[in-house]
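Hello,

Please take your time, and follow each residue on the model as you come to it.

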Amino acid sequence: MALSWCLCATLMLVWGSLMPQVHSALAPENEVPLRPTTWLPEGKIMTVTLPKGRTRRLYFMLKKKTSAMSVTVSPCNLPIEWSLAARTLKDKPLKSLQWSTKKSTPEVWWRGPGTEEKIHSFTGDTVDIYNGPSHPRSSVYILRLRSKQQSTRATVFLHEGPGPSGIFPLLPADPRVHTLGVGMTSVTLSWVPSASITTLPKSRNDYNYCVLINSQQNYPSLCAAKEKERREKDQNQGKKKKKGQATPWPILKEWWWEQWNSYPESQSLPSSLADDFNNLQCVCQGTENVCTVSELLPDTSYYFDVFVIDKVNGTSAAYKGAFARTHEEARAVVVPLREGELRWVTFQDGGANSQQFFSFRPRGWQQSGLLTLQSCGGVEKMKVTVSSKGQVLTTQEVKADLIHIWLQGSPSYLIHLQQEGTTTSQITSVTDVARLGGFEASVKMQVSSAYHRRGVPSLPSTLQIKSFNRLRSCNSVTLAWMGTEERSLYCVYRRKLSSFDAEAGGASALTAPCLGPESRSDTERVLCKYFQELNPRRAVTTAVIGGLEPGMAYVFDVYLMRRWGIPIKYASKMVKTRKEC
C-alpha cells in the first residue's frame with residue numbers, strides 16, 4: 001500500500017513538471033486555468049469528439065467589420081445538444097494588469113465583468129445551421145456540444161459573412177425521397193435536385209448523388225451510415241474493442257484523460273467521402289435525380305437514403321430517406337393429384353429453371369403412398385422435391401430409369417418438380433409421337449395410396465429380355481425375363497417392323513422408355529400372365545409368342561403391371577423369325 005502511494009506521488013510530480021510546459025500559455029506558474037481552450041477556426045471543417053455526458057466547448061471571435069456569420073453542426077450517428085452563446089465585456093480589460101498577458105483570451109473574459117447571451121440551441125441528429133448577425137467586437141463566442149446517449153463525434157464549420165458558406169451541398173425546400181414505383185425485385189426513386197447542382201455549369205463535375213440501400217433503418221447522415229457499417233464489419237470479423245486495464249491510480253488516470261480530450265482535433269479537411277463510399281451497398285449515378293434500384297429480394301423491406309456529395313470539399317448532405325417493401329412473388333399454382341392418376345408433366349416454355357407444383361393426400365389412416373417418376377423427352381437435369389408442412393422430406397434426380405419415393409406419416413405432400421436444364425429432345429419416331437398424344441412429355445408421374453404396404457415394392461434384378469435362338473422358328477419365338485417374389489401381372493406386346501426399320505436395326509423402336517401400355521393398341525398385346533417366385537435368383541419366367549410371319553422382324557415389349565405406380569417397361573427386344581423351317 002505504501003509502495004502504491006509512493007508511485008502515485010512520483011507520477012503526480014512528473015506530470016506536474018511536464019504539463020506546465022505543454023500549457024505554458026494557458027496555465028502560468030502557480031496558477032490553475034479555468035479550462036483549456038479549443039479555438040474554432042474559420043473556413044475549416046473541424047471534427048469534435050464528444051464523450052458521453054460531457055460538454056465540449058469551442059471558442060471563436062469574428063474579424064472586424066464582420067456583419068454576419070453562420071455555424072454549421074453536423075452530428076454523426078447520435079442526437080446531440082448544442083448551443084451558441086456570446087460573452088460580452090462591459091469594460092475592456094486593462095492591459096497593464098500583470099496577469100492579463102499570461103491568460104488565454106476566454107479566461108480574461110471570465111475574469112472581467114460581462115454578460116453572456118444565448119443565441120441559438122438545437123437538439124437532434126440532423127444537420128443544423130445557425131445564420132445571424134454578429135455581436136459587438138468585444139465578444140467571444142462559446143459553442144457548447146454534448147452527447148447524452150453515447151460517445152460520438154460531430155463536424156463543425158464556421159463561416160464569416162452573409163450568405164451560404166458553400167462548403168456543404170444545399171438541399172431543396174422539399175428534401176424528401178419519393179417512391180415512383182415498386183416491383184418484385186426493383187424500386188424506382190426520385191427527389192428534387194439540389195441547388196448546388198442545378199446552378200453549376202454542366203462542364204463541372206463537383207457533385208454527385210449516391211443512393212444507399214439497407215434493410216434496417218434510414219440514416220440522418222453519411223457519417224452515421226459509415227459508422228454502422230464499420231461496427232457491423234467489426235462484429236463479423238470478431239474484433240472486440242480492447243478494454244483498458246485496471247489501474248491503482250484511478251484519479252490520476254481520469255485527470256490525464258480529461259487533459260488529453262481537451263486538446264484540439266486536427267483541423268484539416270477529412271478524406272474524400274466518395275473514396276470510402278464504395279464499401280457501402282449503394283448506387284452512385286452522377287447528377288440524375290431518378291434512380292431505379294434492382295436486384296432486390298421479393299417481399300422484403302428496404303430503406304433508401306439519398307446523399308448529395310461534394311467531391312471537392314469532401315462533404316455531404318442527406319435527403320429525408322424513404323421506405324418501401326418489394327412485392328411478393330406470384331404464388332405457384334399447386335395442382336392436386338388424384339388417386340392412381342397417371343400424369344404427363346410438360347414444360348411449355350422449354351427453358352431452364354422451369355418448375356411445377358403438385359399436391360397429394362393419401363387415403364387411409366396409415367397416410368402412406370408411393371410416388372413413381374420417370375424422365376422422358378431427353379431432359380438432362382430434372383429433380384423432384386417432396387415436402388410436408390414446410391419441411392423437405394427428400395430431393396432426388398429424375399432420370400430415364402424409374403424411381404420410387406415412399407410417402408408415409410403425413411396427411412398431405414407437396415411435390416415440386418423442377419427442370420434445371422434441357423437439351424434437344426430426342427423423339428423416337430413419328431409413330432411414337434402419335435402414341436404420346438401429339439405432345440412431348442418431360443416427366444411421367446403417378447402417385448397412389450398404399451393401404452397395406454410397408455415400403456417400396458421390389459423390382460426385377462434386370463430389365464433385359466432374352467430370346468433363345470434355338471427355340472426360334474418361322475412363326476414363333478421364345479422370350480424370357482426376370483420377375484420378382486411378389487405376385488404380379490406381366491403383359492407382352494409386339495410390333496412388326498418395316499423392312500427399312502429392320503435394316504436400321506430397329507433403333508427408333510428401341511429408344512422409347514416412356515411408352516406405356518396405355519399408349520399401345522390392344523391388337524399389339526399378345527398375352528398377359530401372373531408370375532411369382534420367392535427365390536429372387538430363380539425368378540425367371542418364359543413365354544412362347546406364336547402367330548408370327550416367316551422372315552419378319554418384330555419388337556417385343558414386356559410390362560410389369562402393378563396396382564401401385566407406373567408400369568415398369570422392360571428394355572425392348574427385336575427378334576427376327578426364320579425364313580425357312
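The structure holds two disulfides. Please keep in mind, as you go through them, that this is a predicted model.

Let us begin with the pair C76 and C223, which form a disulfide with their sulfur atoms 2.0 Å apart. The torsion about the S-S bond of C76 and C223 is about -85°, and the disulfide is therefore left-handed. This pair links distant parts of the chain, since C76 lies in the loop between β3 (68-75) and β4 (80-89), while C223 belongs to helix α4 (residues 222-236), and the two cysteines are 147 residues apart. Are the two partners buried or exposed, or something in between? C76 has a relative accessibility of 3%, so it counts as buried, because the cut-off for buried is under 20%. C223, at 24% relative accessibility, counts as partly exposed.

The other disulfide is formed by C491 and C528, whose sulfur atoms are 2.1 Å apart. Here the angle about the S-S bond is 115°, and the link of C491 and C528 is right-handed. This pair, too, links distant parts of the chain, with C491 in strand β28 (residues 488-496) and C528 in strand β29 (residues 525-531), 37 residues apart. C491 is buried, having a relative accessible area of 5%, whereas C528 is partly exposed, with a relative accessible area of 37%.

Now please turn to a sheet. In which order do the strands of this open sheet of three lie? The order is β26-β27-β30, and the pairing is antiparallel. Strands β26 (466-467) and β30 (540-545) stand at the edges, where each has a single partner strand, so one side of each is left without a neighbour in the sheet. If you look at the contact between strand β27 (residues 477-482) and β30, you will find that six bridges join these antiparallel strands.

Key: Residues are numbered from 1 along each chain as its sequence is written. This is a predicted model: local features need pLDDT of at least 70, side-chain atom pairs count only at pLDDT 80 or more; totals for chains, interfaces and linings use all residues. Side-chain values use heavy atoms; hydrogens and water are left out. A disulfide is a pair of cysteine sulfur atoms within 2.5 Å. Helices (H or I, at least four residues) and strands (E, at least two) are DSSP runs, numbered from the N terminus. Buried means under 20% relative accessible area, exposed over 50%, partly exposed in between (1.4 Å probe, protein chains only). Two strands pair if DSSP finds at least two bridges between them.
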